[in-house]
Amino acid sequence: MGEWNSRGLRGSAFEELINLTNERYRELGLALIQKVPTPITPIQIDQATRHITLAYFEKKSTVDYIGAVQGIPVCFDAKECAEDTFSLQNVHEHQFKFMKEFERQEGVAFLLIYYTAREQYYYLRFARLREFYERMQHGGRKSFRLEETEPDFFLARGKSVPVPYLEAIQQDLNYREQSQ
């Protein structure tokens, strides 16, 4: 069991933008994506503010979001990165395994990464994540650099949605088709 504290709220602004995006996609009838709640057991509650100050995770969570886009099962996790190097320690083994199994079931799994210093959103295809993860497992780098990302998967700022990832899903599907 892991202990919960305010560290877990680091990505909350980014996740709120994703939540707004998902709500807009739902309103437009384009996708139905939901935030997966992380089950916790509260241990201490500040009586004055009624906020949980200490809690334990009940079990390992899978990914942040799951749902369907035009009939395609989709799951993804939201991550923030302050540097141009993304540490793979940010992707827990149980998350990686879940995404791998999700892909085996013909779903689309990916990470949405917010490079905070650059104020850029990036869609990391699971196939690319797998390459980085396997490199790490074979003694290679435990991270990947910005230069190793696929430039086509940086997301343009959306006019109607804050984090427009649907185009990247389509592009991901196109890559899959071309590689078969």
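**Reading helices, salt bridges and rings**

User: Is D172 buried or exposed?

Analyst: D172 is buried, with a relative accessible area of 1%. Buried means under 20% relative accessible area, exposed means over 50%, and partly exposed lies in between, using a 1.4 Å probe and protein chains only. This is a predicted model, where local features need pLDDT of at least 70 and side-chain atom pairs count only at pLDDT 80 or more, while totals for chains, interfaces and linings use all residues. Residues are numbered from 1 along each chain as its sequence is written, and side-chain values use heavy atoms, leaving out hydrogens and water.

User: Which residue is the salt-bridge partner of D172?

Analyst: A salt bridge is a side-chain nitrogen of Lys or Arg within 4 Å of a carboxyl oxygen of Asp or Glu. Here D172 pairs with R176, and their closest N and O atoms are 3.0 Å apart. Both residues lie in helix α4 (residues 166-179), four residues apart, about one turn of the helix. Helices are DSSP runs of H or I with at least four residues, strands are runs of E with at least two, and both are numbered from the N terminus. R176 counts as partly exposed, at 23% relative accessibility. Elsewhere, salt bridges that share partners join E15, K35 and D64 into one network.

User: Why do residues four places apart point the same way in a helix?

Analyst: An α-helix has 3.6 residues a turn, so residues three or four places apart point the same way. In helix α2, E93 and K97 are four residues apart, separated by about one helical turn. They form a salt bridge with closest N and O atoms 3.3 Å apart. E93 is partly exposed at 45% relative accessibility, and K97 is partly exposed with a relative accessible area of 45%.

User: What does the salt bridge between R125 and E150 tie together?

Analyst: The side chains of R125 and E150 meet at 2.8 Å, N to O. R125 sits in strand β9 and E150 in the loop between β10 and β11 (154-155), so this pair ties together parts that are 25 residues apart in sequence. Both R125 and E150 are buried. In total, the structure holds twelve salt bridges.

User: Which residues of α3 are buried?

Analyst: They are F126, R128, L129, F132, Y133 and M136. These residues cover an arc of only 160° around the axis, which puts them on the same side of α3; the arc is that of the directions from the helix axis to the C-beta atoms. Just after α3, G139 takes a positive phi of about 90°.

User: How is a pair of aromatic rings described, and how many aromatic pairs are there?

Analyst: A pair of aromatic rings is described by the distance of the centres and the angle of the planes. Rings of Phe, Tyr and Trp (its six-membered ring) pair if their centres lie within 6.5 Å; planes under 30 degrees apart count as stacked, over 60 as edge-to-face and the rest as tilted. The structure holds 18 aromatic pairs. Y65 and F76 are stacked, at 4.9 Å centre to centre with 15° between the planes. This pair links distant parts of the chain, Y65 in strand β5 (residues 65-69) and F76 in strand β6 (residues 72-81), eleven residues apart. Y65 is buried at 0% relative accessible area, and F76 is buried at 0% too.

User: Which aromatic pair is tilted?

Analyst: F110 and Y165 form one that is tilted, at 6.0 Å centre to centre with 45° between the planes. F110 lies in strand β8 and Y165 in the loop between β11 and α4, so the pair ties together parts that are 55 residues apart in sequence.
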